[in-house]
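Please open the structure in the viewer and keep the selection panel at hand. The tour moves from the pair of chains to one chain, and then to single residues.

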Protein chains: 2
Amino acid sequence: MKIDVTLGIDVGGTNTAFGFVDVNGKCIAESTIPTKANNSAVDLFARLKPEVDKLFSSLSNSYTLKGIGVGAPNANYYRGTVENPPNLKWGNVNIVEILKQYFDVPAAITNDANASAIGEMLFGAARGMKNFIVITLGTGLGSGVVVDGKLVYGSDGFAGEIGHTTFDPNGRQCGCGKKGCLETYASATGIKRTVLELLALKNDESSLRESCFNELDSKKIYDAALAGDKIAWEAFQFTGKVLGLKLADAIAVTSPEAIILFGGLALAGNLIIEPTKKSMEENLFHVFRNKVKILQSGLPEGNSAVLGASALIWNEIIKTR
Amino acid sequence: MKIDVTLGIDVGGTNTAFGFVDVNGKCIAESTIPTKANNSAVDLFARLKPEVDKLFSSLSNSYTLKGIGVGAPNANYYRGTVENPPNLKWGNVNIVEILKQYFDVPAAITNDANASAIGEMLFGAARGMKNFIVITLGTGLGSGVVVDGKLVYGSDGFAGEIGHTTFDPNGRQCGCGKKGCLETYASATGIKRTVLELLALKNDESSLRESCFNELDSKKIYDAALAGDKIAWEAFQFTGKVLGLKLADAIAVTSPEAIILFGGLALAGNLIIEPTKKSMEENLFHVFRNKVKILQSGLPEGNSAVLGASALIWNEIIKTR
């Protein structure tokens, strides 16, 4: 008997990963090609098609491709489009239409944070949950909001932008043009900015005084904090304080049972989770207190993005069964 | 042929209003009894039952009662309960169970802001909308969030508490125990507090200098603003600024097509809507800009609460048809 799989495609600024995933979230095979951000979307998928075919024919067992899910920046689920992504020279392009030219199966697209949320629901830390929020802490802060077992797309397909809720209207300049967005504080870039502020503010010795801004990353800050560096530790405390405050706001809107943290900064574990939890509880309306769990992603680190993209279309297929 | 109606019951701190409403949102008849906040919930519904029967038998046409919807403070839709309401000595009580003793029809309960949201969806300004948020600007600030045509109750039944998202963690003391909650700024009480701050801060002459805090109300501030009072006008500007900022946050979570303002302060019309809209647009993530309408309630002022409560159960009945 043939085994059903879906194809998950994760479009990044540098590489595009793709893989075949079964209904249990097992990644059968995967590969990557360069995205070539200066080329068109049509070029990417024209290069991707033979690679997908090659990977598929290399599989030892017999599989049936049931659908394709894509995670990509600025993706619109309703329209099947990617709309002016900041890191790709794609303009406004309908990806689902392009995929139809190459594959005779259903396809869907959403942004990577939404794909992660569906990935957690089907294969990860949110299995069995109906109401939860996934926060991806990468270069920026993405989010996917699930209400009553369904991802919230909202009126225009762009819901779940918690990274651009406002912590401080007079705060840090955000790439989006606003000031003080949550992601300018709670993200890999945000914690770097916090370290610089703390180094400027305080006189504590710190190994981080040896790194320039462009050399710093959240791993270095994490290692310094573990080694007892006070500035690094305070940077995590402040990041958690800001994140917890804004999570409390989001919880007041949809009342999730859990917040799931995903991405590089989330790997810091309790160093980020504890101050986030403390601040969240302090800022929660009393009816929500001591109810909302903060969990780390339950997806394997290596291919979580492909699993998320695959889960997007598995979720559609399961609904129609 | 008999006409189907539902019974809407709105439990307030002073009076409990009830009425029969048809599927088109026409209120056939209504009445009120005193709530007697110091008595039990059992006492209220024991007194209500004969009044409901009396009103029903007074109707000239022939009607069939199909269900009962209740709007009450601290109500939990999932459990059918009211849980320690601040203004009623009820403790934790199952209202749906009490209603079952008196009426042989389906019953449901939610808080008044959620009831208003369903009322707007079925009978008011949100007809035909799938994604919107209702904000009730009364003594406090309540909210009801609708996603994909369904009211969001969340994991515990208490979703939609936008009034307790945080504007300023070091700000005004809120009745909930937190500091700087939105409702301490954007509500009838909030604008009074703003007036007092402005009177303390500025030297402008103002008719509001003649009123003590307990005499002030939003109508007085509205009248003063219309008469050209600078302090009153600034109070509306500031209220809108705070409300718009926090609406932008909520929009980033669920991407509604409209915000519907309901309740006393909303009657100020453009005096509150214009600064709210301006601040909301300034603080919105760019993908949401110039898309989200701010509308006034489409429910008749007099019996909107009964219509909302009735809509709660009409919505359940319609789903099963």
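Begin by selecting the residues where chain A and chain B meet. In this predicted model, 100% of the interface residues of chain A are also interface residues in chain B, so the copies meet through the same surface. The contact takes 37 residues from chain A and 37 residues from chain B. On the side of chain A that touches chain B, the elements that give two or more residues are strand S10 (141-147) and helix H6 (230-254) of chain A. By residue type, the side of chain A that touches chain B divides into 17 nonpolar, 12 polar and eight charged residues.

Next, display both chains as a backbone trace. What rotation superposes chain A on chain B? A rotation of 180 degrees does so, with 0.0 Å of shift along its axis and an RMSD of 0.0 Å. This is the relation of a two-fold axis.

Chain A contains eight helices and 13 strands. Its radius of gyration is 20 Å, close to the 20 Å that the globule rule gives for 321 residues, so chain A is as compact as a globular protein of that length. Along the principal axes, the C-alpha trace of chain A spans about 65 × 45 × 35 Å. Of the 321 residues in chain A, 54% are buried. Among contacts in chain A with a separation of 6 or more, 65% join residues 24 or more positions apart.

Then colour chain A by domain. The domain assignment gives domain 1 (3-120 + 301-320) and domain 2 (129-296) of chain A. The centres of domain 1 and domain 2 of chain A, taken over C-alpha atoms, are separated by 27 Å. Where the two domains touch, 12 residues of domain 1 of chain A are in contact with 13 residues of domain 2 of chain A. Select helix H3 (residues 112-123) of chain A: it supplies seven residues, the largest share of the side of domain 1 that touches domain 2. That side of domain 1 of chain A consists of five nonpolar, four polar and three charged residues.

Which residues touch the most other members of the largest nonpolar core? Among its 215 residues, they are Ile221(A), Ala232(A), Ile221(B) and Ala232(B). Centre the view on Ala232(B): leaving aside residues up to four places away in sequence, Ala232(B) touches Val195(B), Ser206(B), Leu208(B), Ile221(B), Ala224(B) and Ala225(B).

- Lys319(B) is located in helix H8 (residues 304-320) of chain B. With 9 C-beta neighbours inside 10 Å, Lys319(B) counts as exposed, because the limit for that class is 12 or fewer. Its C-alpha atom is separated by 29 Å from that of Thr32(B), 287 residues apart along the chain.
- Asn84(B) lies in the loop between strand S6 (81-83) and strand S7 (92-94) of chain B. Although Asn84(B) is not a glycine, it has a positive phi of about 50 degrees. Asn84(B) counts as partly exposed, with 14 C-beta neighbours inside 10 Å.
- Asn290(B) is found in the loop between helix H7 (270-283) and strand S13 (293-296) of chain B. Asn290(B) has a positive phi of about 60 degrees and is not a glycine. With 7 other C-beta atoms within 10 Å, Asn290(B) is exposed.

Terms used
Residues numbered from 1 in each chain as written. Chains lettered and ligands numbered in written order. Predicted model: local features only at pLDDT ≥ 70, side-chain atom pairs only at ≥ 80, totals over all residues. Domains from an automatic or database assignment. Contact = placed C-beta atoms within 7 Å. Helix = DSSP H or I, 4+ residues; strand = E, 2+ residues; numbered from the N terminus. Nonpolar A, V, L, I, M, F, W, Y, C, P; charged D, E, K, R; others polar. Rg over C-alpha atoms; globule rule 2.2 N^0.38 Å. Buried ≥ 20, exposed ≤ 12 C-beta atoms within 10 Å, placed from the backbone. Least-squares fit on C-alpha atoms with pLDDT ≥ 70 in both. Core = buried A, V, L, I, M, F, W, Y, C linked by C-beta atoms within 7 Å.
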